[in-house]
Amino acid sequence: MGFFGIVRQWTETRKKKRIANFELQGTCPNCQGKGFNMLESEMMMGSYYDCPGCSGSGSFSDWADLNQ
Ligand SMILES: [Zn+2]
């Protein structure tokens, strides 16, 4: 395994750990359970959009259904 292989494996491991953390909390990794994503500029205008990862529910199980 070359250097890039090691880096890739390390990144994958970190990603899995991060996702496992959200699984424990039962929240969507994309929006941290909020159910939507919002940019600060959009917040000022009062507009936001549903999280594409969990289609707006904020729950980990919905995210897992849609992403695995
Ligand atoms: Zn979400």
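The questions and answers below go through a predicted model, from its overall layout to its zinc site and selected residues.

The model is predicted, so that local features need pLDDT of at least 70 and side-chain atom pairs count only at pLDDT 80 or more, while totals for chains, interfaces and linings use all residues. Residues are numbered from 1 along each chain as its sequence is written, and side-chain values use heavy atoms, with hydrogens and water left out.

Q: In what order do the elements of the protein run from the N terminus on?
A: Helices (H or I, at least four residues) and strands (E, at least two) are taken as DSSP runs and numbered from the N terminus. On that basis the protein has three helices and two strands. Read from the N terminus, their order is α-β-α-β-α.

Q: What percentage of the 68 residues in the protein is buried?
A: A residue is called buried under 20% relative accessible area, exposed over 50% and partly exposed in between, with a 1.4 Å probe and protein chains only. Accessible areas come from the Shrake-Rupley method with a 1.4 Å probe, and for residues only the protein chains shown count as cover. The protein exposes about 5300 Å², of which carbon and sulfur atoms supply 56%. Of its 68 residues, the buried share is 24%.

Q: Which residues are the protein donors of the zinc ion?
A: Donors are N, O and S atoms within 2.8 Å of the metal (3.2 Å for Na, K and Ca), and sites may look incomplete because water is not among the atoms. The donor residues follow the spacing C-x2-C-x19-C-x2-C in sequence. Each contributes its SG atom at 2.3 Å from the ion, and the residues are C28, C31, C51 and C54.

Q: What is the geometry of the site of the zinc ion?
A: Four donors count as tetrahedral if all angles lie between 85 and 135 degrees; four count as square planar and six as octahedral if opposite donors are over 155 degrees apart and all others between 65 and 115, and anything else is irregular. Ideal angles at a metal are 109.5 degrees for four tetrahedral donors. Here the angles among the four donor atoms are 105 to 114 degrees, and the site is tetrahedral.

Q: How many residues apart are C28 and C54, a pair that links distant parts of the chain?
A: C28 and C54 are both buried. C28 lies in the loop between α1 and β1, whereas C54 lies in the loop between β2 (49–50) and α3 (60–67), and the separation of this pair is 26 residues.

Q: Which residues does G35 touch, not counting those up to four places away in sequence?
A: G35 belongs to the loop between α1 and β1, and it is buried because its relative accessible area is 2%. The C-alpha atoms of G35 and D50 are 6.1 Å apart, although 15 residues separate the two in sequence. With contact meaning heavy atoms within 4.5 Å, the residues that G35 touches are D50, C51, C54, G56, S57 and G58.

Q: Is T27 buried or exposed?
A: T27 is found in the loop between α1 and β1 (36–37). Beyond four places in sequence, T27 touches F22, Q32, G33, G58, S59 and F60. Its relative accessible area is 18%, and therefore T27 is buried.

Q: What is the phi of S55, which is not a glycine?
A: Most residues other than glycine have a negative phi. Q32, in the loop between α1 and β1, has a positive phi of about 55 degrees without being a glycine. S55, in the loop between β2 and α3, is exposed at 53% relative accessibility. The phi of S55 is positive, at about 50 degrees.
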